[in-house]
Amino acid sequence: MSGNIRLLSDTLARAKSEDRAALVAYLPAGFPTVDGGIEAIKAVFDGGADVVEVGLPHSDPVLDGPVIQTADDIALRGGVRIADVMRTVREAHRATGKPVLVMTYWNPIDRYGIERFTAELAEAGGAGCILPDLPVQESAVWREHAEKHGLATVFVVAPSSRDERLAEITAAGSGFVYAASLMGVTGTRESVGAQAQDLVGRTRATTELPVCVGLGVSDAEQAAEVAGFADGVIVGSAFVKRLLDADDHAAGIAAVRALAGELAEGVRKR
């Protein structure tokens, strides 16, 4: 069974052909429950997201800010397992036909087994993985298995990355490049900042891969700003916050669907 890296690439290419940025949403698996998380992802797709990243909840995240950490804690206390992450990917992709990735730290994959993880993710219809803490120089075995199973390997670049380091990272990656708009952890920001535009320009000088920007985008205005210079706009904490702040589950689902719609309009106003 082959994964869906081609679907991911085609989706990003179609957005570019429409003269817009792609909207990439993030939601953790198992939050607020496994079934509730699947419903939320479907709602985000219904609202206009092009791609969804499914977070694999982790007890000690290094990139995720307090909002996503809160959701991860709820999911972990609810007993979420890797099997639930795979089920989330499978059901979200099957229901929508759209590309679904997993965003995870390396330790859970290392413990689970690289071949087992990549084979199961491909079987579930996954498009690939975003691996924020896997050093490129230590990624050869992962990339070998991911390529064998038709999965993208998305690495994260940051404003602190030197040009030669950017070239090394982008040469090893596939699918797209995740550009962290600023130094720090995930969370909504008042401004995305000029650092992101500079980073996208430097990254594009090293690769033909699409460059998608994350960390800080929370509304349509910011989405439009980022869409003016990036191939994709990644939004995570704003979706999670809508679910956390909702009075009940139905209200949360409606809220994330509505936010996806607003952001989808934003990325079309580049």
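In which sense do strand β2 and strand β3 pair, and over how many bridges?

A: Strand β2 (residues 51-55) and strand β3 (residues 100-103) pair in the parallel sense, over 4 bridges; a pair requires at least two bridges in DSSP. The model is predicted, so local features need pLDDT of at least 70 and side-chain atom pairs pLDDT 80 or more, while totals for chains, interfaces and linings use all residues. Residues are numbered from 1 along each chain as its sequence is written, and side-chain values use heavy atoms, without hydrogens or water.

The open sheet has 9 strands in the order β5-β4-β3-β2-β1-β9-β8-β7-β6, with parallel pairing. At its edges stand β5 (152-154) and β6 (156-157); each has a single partner strand, so one side of each lacks a neighbour in the sheet. Strands are DSSP runs of E with at least two residues, helices runs of H or I with at least four, numbered from the N terminus.

Helix α9 (residues 194-204) packs on the sheet and touches β6, β7 (177-180) and β8 (211-214), its direction making about 155° with that of β8. Helix α12 (residues 249-267) also packs on the sheet, touching β1 (22-28) and β9 (232-235), at about 150° to the direction of β1. Contact means heavy atoms within 4.5 Å; angles run from 0 to 180 degrees between N-to-C directions, with axes fitted to C-alpha atoms, for helices over the stretch in contact.

Threonine 203 lies in helix α9. Threonine 203 is buried, with a relative accessible area of 0% (buried is under 20%, exposed over 50%, partly exposed in between, with a 1.4 Å probe and protein chains only). Leaving out residues up to four places away in sequence, threonine 203 touches Val157, Leu166, Thr170, Val177 and Val211.

Turning to the aromatic rings, Phe, Tyr and Trp (its six-membered ring) pair if their centres lie within 6.5 Å; planes under 30 degrees apart are stacked, over 60 edge-to-face, the rest tilted. This gives 3 aromatic pairs. The rings of tyrosine 112 and phenylalanine 117 have centres 6.2 Å apart and planes at 90°, so the pair is edge-to-face. Those of phenylalanine 117 and tryptophan 142, with centres 6.4 Å apart and planes at 55°, form a tilted pair. That pair links helix α6 (residues 114-123) to helix α7 (residues 140-148), across 25 residues. Phenylalanine 117 and tryptophan 142 are both buried. Trp106, Tyr112, Phe117 and Trp142 form one aromatic cluster.
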